[in-house]
Amino acid sequence: MAKLTKKQKEAYAKVDSSKSYDLAAASALVKDITNVKFDASVDLAIRLGVDPRKANQMVRGVVTLPHGTGKDVKVLALVTPDKEAEATAAGADYVGLDEYLQKIKGGWTDVDVIITMPSVMGKLGPLGRVLGPRGLMPNPKTGTVTMDVAKAVQDVKAGKIDFKVDKTGIVHAAIGKVSFDAKKIEENANELIQTIIKLKPTTAKGTYVKSVFMSSTMSPSIAVEVKTV
């Protein structure tokens, strides 16, 4: 294991690994133990008591964080000409169709979210090998395939994120920046946790939320006490 720096040792000393913190305390603590020189992301890792290999236990959804993610999300709107003005006015960073399909085919993926229309999805199918591994393939379940392109763009820009349990049963999501007030981190985290709780599959047995950990970029992880009410 690599040697810890003096600042890292100080950070680890502030976290009691034998206890779970309530969300308010964890949100304040994560700010206190972050000492990188940039505005680090605050992340949640939520371990669920589900078997992601079973389709009826797949946990996936979207949530609009009340205070946004703190990240400038780059949005590509793949739309027909009649929707271009609408997408641009809503704040999409890139708007068009065939020229961007060609760029993606060539390996360009310098965006965070792609929003498109049902009629365009047929053209995106062949690009699944490029978009799929990067989590960029639009999906009706996450609201990124829609006729209301303007609303979809505005929602993403306002802090709407999608999440999905991975093959180990963990949901990873960025819920803000350490520059946020602790209260805003707490409220964003609570919104995500409560949304996931509401999505509990009826086939999931035993403890659903097994653990929640909060951390920032390069910080120790903080165990969070979860209230399911």
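A crossing of two helices is left-handed if the near helix is turned anticlockwise from the far one by less than a right angle, and right-handed if clockwise. Keep that in mind for this predicted model, in which local features need pLDDT of at least 70, side-chain atom pairs count only at pLDDT 80 or more, and totals for chains, interfaces and linings use all residues. Residues are numbered from 1 along each chain as its sequence is written, and side-chain values use heavy atoms, with hydrogens and water left out.

**Two packed helices**

- Helices (H or I, at least four residues) and strands (E, at least two) are DSSP runs, numbered from the N terminus.
- Helix H2 (residues 23-32) packs with H8 at an angle of about 125°, and their axes lie 8 Å apart; axes are lines fitted to C-alpha atoms, for helices over the stretch in contact, and angles run from 0 to 180 degrees between N-to-C directions.
- That angle makes H2 oblique to H8, since under 35 degrees counts as roughly parallel, over 145 as roughly antiparallel, 65 to 115 as roughly perpendicular and the rest as oblique.
- The crossing of H2 and H8 is right-handed.
- In contact (heavy atoms within 4.5 Å), Leu23, Ala24, Ser27, Ala28, Val30 and Lys31 of H2 meet Ala182, Ile185, Glu186, Ala189, Asn190 and Ile193 of H8.
- These contact residues divide into eight nonpolar, two polar and two charged; Ala, Val, Leu, Ile, Met, Phe, Trp, Tyr, Cys and Pro count as nonpolar, Asp, Glu, Lys and Arg as charged, and the others, Gly among them, as polar.

**Pockets**

- On a 1 Å grid over the protein atoms alone, a pocket is an open set of points with protein on both sides within 12 Å along at least five of seven lines, and lining residues have an atom within 4 Å of a point.
- The largest pocket holds about 870 Å³ of space, where a volume is the space filled by probe spheres set on the points, joined across faces, edges and corners.
- It has 34 lining residues, and Asp112, Val113, Gly135, Ile161 and Asp162 are the closest to its centre.
- The second largest pocket has a volume of about 160 Å³, and helix H8 (residues 182-198) gives the largest share of its lining, four residues.

**A cavity**

- A cavity is a set of points where a 1.4 Å probe fits but cannot get out, and there is one cavity of 30 Å³ or more.
- The largest cavity, of about 40 Å³, is lined by Gln8, Ala11, Tyr12, Ile33, Asn35, Met218, Ser219 and Pro220.
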